[in-house]
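Here is a short report on one protein structure. It starts with aromatic rings and moves on to sheets and cores.

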Amino acid sequence: MKHKSVALKSLILLAFVSVAFAQDQRGVSSGMGIPMEVPSRQQIPIDRKPLTFSTKAQYVLVPVIVRDKSQAPVKGLKKEDFTILENGKSQPISSVEEINTTNAQIKQDSNLKEFSNSLDSGGQAHKITVIVLDMINTPLLDQTYARRSIIKMLADAPDDGSLIELLAIHSKGITVIHSFTESPKSLIAAMKVLDSRVTGSESFKDPNLANDIRAAINSTGQLSSASTGTASAVSIANATTLVNFASGADASYATAQRQEAIGETLQAFQRIAASVESVPGRKSLIWVSDGFPFYIDGDSSELVGSSAYSNYERTMQLLDNANVAVYPVDARGLVGLQANDSNRYAVGDVSGTESALAQLSRDHNATLSTLRDVADMTGGKAFYNRNDIGNLVKQAMDDSTDYYMLSFPLNKNNKQAGWRKLEVKVKGYKPRAREGYFVTRATLEQLDARQPDLDSALASPLEFTSLPIKAKWLGDPLPGQKGKVVQFELDLPGSAISPEDSENKVSLDFRVAAIDPQGQQKGDVKQTFEGTLPPAGAEQLKKDGVQYKNSFELAPGDYTVHFVVRDNTTGKVGSVIAQLKVS
């Protein structure tokens, strides 16, 4: 049963402004508590109608890596050395900037009373490497090898102060093991110790997986062609079952779980991109997994065999906005599965086993193709069918150390929604850059992604950084009807808010949720302010920013409080996470 809502103390301090704001005020949630809604299944409706562009200038940014034959970065290139083709047509290059990153630590302001998502990068590009263990799409038996691989990668990583983040994704979300705002030296030192302890204790995946499966089946004696008598129907059925068990190729289970895995995987990508967007520079995302739960058409870049296309499209857009390049790593290591490898079959092989293994091989090749596609689309590299991945972190770091940032104006003459293929050419060199980007209603009309963005930020353990915000408690909690009233304030700097075009439209969503240790939502605030400002009010907004005050009531206990603000005119989202103890 809902308790009586606390009187709102919300206000936006805009001098000389007289404007009516539409408010969505729903008070405080039920004292019984409601579980946090997982937004992974929410989809942005696909709309392929011709696009409508605003008159505001818009530019596309493309990080470009240029190396010589010795893999050393090429310095001193000029605008005339580059050519950008979009869908085969040359585009006018607006700017070319040579980027040299810094290893300086990123500072984050925080104290016991105030919390901020602002990352002090000093205005310089940083090289950030995010390493993810994907436990959603990696079977348990392969996770041991995957963990061993990550330990090896980090133990061999250069100890030069480069910023490293270590995450694990699973069905309940993301676990932060080490943040890039923390010193990487302690992480690398710890991994070196772990590497020395586990060396030799875990063997790599057997490269002859298919042969081993056949040998295991034939070793039972029942299924060998040398056995006396003819294999029964039960034996043949058991053969297929054993192959599926050993290879993880249970199609019915995979089909049932696939859509959920797609939503959870794409959501993890989105949250990681949102957490690093405010830091200048190219970021490397090393994704250790058995594969992605979706397939991509190599020509059109469209999602194949899934209804989650719009969510996937939005994910690629967010990765581009944050300048994140994906480096997929096959968690299975060296896997010998080739469809034309006749040596893996025993003479007189049991009927049906060959077809099961052939299907496994096709699935394996499709998985590798998707790993390559995701890497190419974002400007990264895929690593598979190899066990020597110790230097992978160094390679990813090197890619984000020295590069060029190119920009060109968005081609508004092309009103077709979808993927735009890019090709970058450099005189005398073979560069590497992302192979395209999406232009859809979701990239142009930010309201389409409004609710998924808010839900994702509220449930994410990573703070979203594209909109800088600061939260603070206003005094000690006060006695309430059934608990304590907690008062807070959210501050947004004027430089972060941009009234839309000449009409000075403003639309801000404020969301706050208090979560108990069991993951139950015990208190929330939901409010929207939108309207049109007079010129004087818009100037005052840019000067003084926004101060938002409100309160909610909680029973005694420990809580994790998520503060979220979304600027609906730009699509930027800021979130802050604070711990709260109510006595």
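Ring pairs link Phe115, Trp473, Phe488, Phe510, Phe529, Tyr548, Phe552 and Phe563 into a cluster. Rings of Phe, Tyr and Trp (its six-membered ring) pair if their centres lie within 6.5 Å; planes under 30 degrees apart count as stacked, over 60 as edge-to-face and the rest as tilted. The model is predicted: local features need pLDDT of at least 70, side-chain atom pairs count only at pLDDT 80 or more, and totals for chains, interfaces and linings use all residues. Residues are numbered from 1 along each chain as its sequence is written, and side-chain values use heavy atoms, with hydrogens and water left out.

**Phe510 and its strand**

Take Phe510 from the cluster. Phe510 is found in strand 22. Helices (H or I, at least four residues) and strands (E, at least two) are DSSP runs, numbered from the N terminus. Phe510 is buried, with a relative accessible area of 0%. Buried means under 20% relative accessible area, exposed over 50%, and partly exposed in between (1.4 Å probe, protein chains only).

What is Phe510 in contact with, leaving aside its neighbours within four places in sequence? The list is Leu490, Leu492, Val525, Lys526, Gln527, Phe529, Val546, Tyr548, Val564 and Val565. Contact means heavy atoms within 4.5 Å. Phe510 and Val565 are 55 residues apart in sequence, yet their C-alpha atoms are 4.8 Å apart in space.

Strand 22 covers residues 505-515 and is mostly covered itself, with 10 of its 11 residues buried. Strand 22 pairs with strand 23 (residues 520-532) in the antiparallel sense, over 11 bridges. Two strands pair if DSSP finds at least two bridges between them. Val506 stands opposite Gly531 in strand 23. Four residues lie between the strands of this hairpin, and Gly519 takes a positive phi near 85 degrees there. Strand 22 also runs antiparallel to strand 25 (residues 557-567), joined by eight bridges. Val512 has Phe563 as its bridge partner in strand 25.

**Two ring pairs**

A search of the whole structure finds 17 aromatic pairs. Two of them are set out below.

| Pair | Centre distance | Plane angle | Class |
|---|---|---|---|
| Phe269 and Phe292 | 5.8 Å | 50 degrees | tilted |
| Tyr312 and Phe438 | 5.8 Å | 80 degrees | edge-to-face |

The pair of Phe269 and Phe292 links distant parts of the chain, 23 residues apart. Phe269 is in helix 5, and Phe292 is in the loop between strand 11 and strand 12 (295-296). Both residues are buried.

**The cores**

Which residues have the most contacts inside the largest nonpolar core? They are Val132, Ile272, Leu285, Trp287, Phe294 and Tyr312, in a core of 39 residues. A nonpolar core is a set of buried Ala, Val, Leu, Ile, Met, Phe, Trp, Tyr and Cys residues joined through side-chain atoms within 4.5 Å. Strand 8 (128-134), strand 9 (163-170), helix 5 (251-276), strand 11 (283-289), helix 6 (309-321), strand 14 (324-330) and helix 7 (353-378) each supply at least two residues of this core. Helix 5 gives the largest share, seven residues. Apart from this core lies another, of 32 residues, among them Trp473, Leu541, Val565 and Ala578.

Five strands form an open sheet in the order 10-9-8-11-14, with mixed pairing. Its edge strands are strand 10 (173-178) and strand 14, each pairing on one side only. Neighbouring strands are turned by 25 degrees against each other on average, direction ignored. Strand 9 and strand 10 run antiparallel, joined by five bridges. Ala168 stands opposite Thr175 in strand 10.

Another open sheet has four strands in the order 5-15-2-17, with antiparallel pairing. Strand 5 (95-100) and strand 17 (432-433) stand at the edges with a single partner strand each, so one side of each is left without a neighbour in the sheet. Strand 2 (residues 59-65) and strand 17 are joined by two bridges and run antiparallel. Val64 stands opposite Ala433 in strand 17.

Terms used
Axes are lines fitted to C-alpha atoms, for helices over the stretch in contact, and angles run from 0 to 180 degrees between N-to-C directions.
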